[in-house]
Amino acid sequence: MKVTRAGFLLPFRQSLVPRRLAGLSVALLKATALEVAILAGHLFLYPSGIAQERRPGGRAEPPGDGTAALPTAARPPVVLLHGFIDNRSVFLLLRRSLAQHGRQQVESLNYSPLTCDIRTAAELLGRHIEEICERTGHDRVDVVGHSLGGLIARYYVQRLGGDTHVRTLVTLGTPHAGTRVVPLLNAHPIVRQMRPGSEVLRELALPAPGCRTYFVSFWSDLDHVMDPLETARLDHPDLLGHSVRVSGIGHLALPVHPAVAAGIRQALESETQADVARDALPGRAG
């Protein structure tokens, strides 16, 4: 699956600059403007997501805007995990979209902004997921992780035995192979763990035979937090899954954009997706 953004060029611009370069500049301007707007909105909402959300118990959550959910069979809970120096407020629109399309058990988890180790955060995630499974009566959950959140979830699945509890893991702009962006942030230990060649990433590159989780990695051609861009594609010989290229949006837009939300819903749609994948390794997309 490929999610794209459509655009057009004015005739006089076509005569001044090559079509390909003009198209790129227009897409870049649009993506940058969208990133700025999303950042402003997120800064406004950020205080509302600082506290850990109240656990809903075993009952299904109604959609946040009062819209009736589409009828569906019981599906695993969805766990949303935010990125670096962020909180659960980033998923406001995504969780509403999931609820409106039948995913009634959706929970957003916060980890501390003072977290300095991906392994420690992954252990905490594991305890949360086990508690969710016990509380809801489901054996497995689906997880959506944005940026660092996807890396934490992957470590739990791949290195801590979390594949027994995670059916599908969707990552959004996650530096699976490490990112070199903003070297000045290297003072933070968890940023160093997201650099190419870090000890954590070397662990994740180790063999993972028999991993039962299905992975879907979304990566964008205008994600300037990923350097190189392709680092957000998950490519591991032992992990089942596929990558989805998203065109024309930046890093902050990935958990917010409606086209990406539709792609996430599609990735979570099949309850037997991971089971089928175990029998026949799928071709790579994106």
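Reply: Start with a definition. A residue is buried under 20% relative accessible area, exposed over 50%, and partly exposed in between. Keep in mind that the model is predicted.

First, the setting. The chain has nine helices and seven strands. Of its 286 residues, 49% are buried.

Now the salt bridges. How many salt bridges does a search of the whole structure find? The search finds 12. Take Arg75 and Glu269. Their closest N and O atoms are 3.4 Å apart, and the two residues form a salt bridge.

Is Glu269 buried, partly exposed or exposed? Its relative accessibility is 45%, so Glu269 counts as partly exposed. Arg75 has a value of 17%, which is under the 20% limit, so Arg75 is buried.

Ser97 lies in helix α3. Not counting residues up to four places away in sequence, Ser97 touches Ala261 and Arg265. The C-alpha atoms of Ser97 and Ala262 are separated by 8.3 Å, although these residues are 165 residues apart along the chain. Ser97 counts as buried because its relative accessibility is 11%. Among contacts with a separation of 6 or more, 82% are between residues 24 or more positions apart.

Next comes Asp227. The side chains of Asp227 and Arg180 meet in a salt bridge, at 3.6 Å from N to O. These residues are 47 apart, and the pair links distant parts of the chain. Asp227 is in the loop between β6 and β7, and Arg180 is in the loop between β5 and α6. Asp227 counts as partly exposed at 30% relative accessibility. Arg180 counts as partly exposed at 49%. Elsewhere, salt bridges that share partners join Asp117, Arg119, Arg159, Glu199 and Glu203 into one network. One of the links is between Arg119 and Asp117, whose side chains meet at 3.1 Å, N to O. Asp117 is at 18% relative accessibility, so Asp117 counts as buried.

On the Asp227 side, look at the next peptide bond. The bond from Asp227 to Pro228 is cis, with omega near 5°. Pro228 lies in the loop between β6 and β7 (240-246).

Val182 lies in the loop between β5 and α6. Its phi is positive, about 50°, although Val182 is not a glycine. Leu185 is placed in the loop between β5 (166-172) and α6 (189-193). Val182, Leu184 and Leu185 form a nonpolar patch on the surface, and together they have about 320 Å² of accessible area. Why does Val182 count as partly exposed? Its relative accessible area is 41%, so Val182 falls in the range between 20% and 50%. Leu185 is partly exposed, with a relative accessible area of 41%.

Ile85 is found in the loop between β2 (78-81) and α3 (92-100). Ile85 counts as exposed because its relative accessibility is 52%, which is over 50%.

Finally, step into strand β6. Ser217 lies there, in residues 214-220. Ser217 is buried, with a relative accessible area of 1%. A polar contact of 2.7 Å joins its side chain to that of Ser243. Leaving out residues up to four places away in sequence, Ser217 touches several residues, including Thr171, His176, Arg233 and His242.

What about disulfides? A disulfide is a covalent bond between the sulfur atoms of two cysteines. A search of the whole structure finds zero disulfides. Cys133 is buried at 7% relative accessible area. Cys211 is buried at 8%.

Terms used: Residues numbered from 1 in each chain as written. Predicted model: local features only at pLDDT ≥ 70, side-chain atom pairs only at ≥ 80, totals over all residues. Heavy atoms only, no water. Disulfide = S-S within 2.5 Å. Buried < 20%, exposed > 50% of the residue type's maximum accessible area, 1.4 Å probe, protein only. Patch = residues over 30% accessible without salt bridge, like charges linked within 9 Å, V, L, I, M, F, W, Y side chains within 5 Å. Areas by Shrake-Rupley, 256 points an atom, 1.4 Å probe, with all protein chains shown as cover. Salt bridge = Lys/Arg side-chain N within 4 Å of Asp/Glu carboxyl O. Helix = DSSP H or I, 4+ residues; strand = E, 2+ residues; numbered from the N terminus. Polar contact = N/O pair within 3.5 Å; in protein donor to acceptor, adjacent residues only side chain to side chain. Contact = heavy atoms within 4.5 Å.
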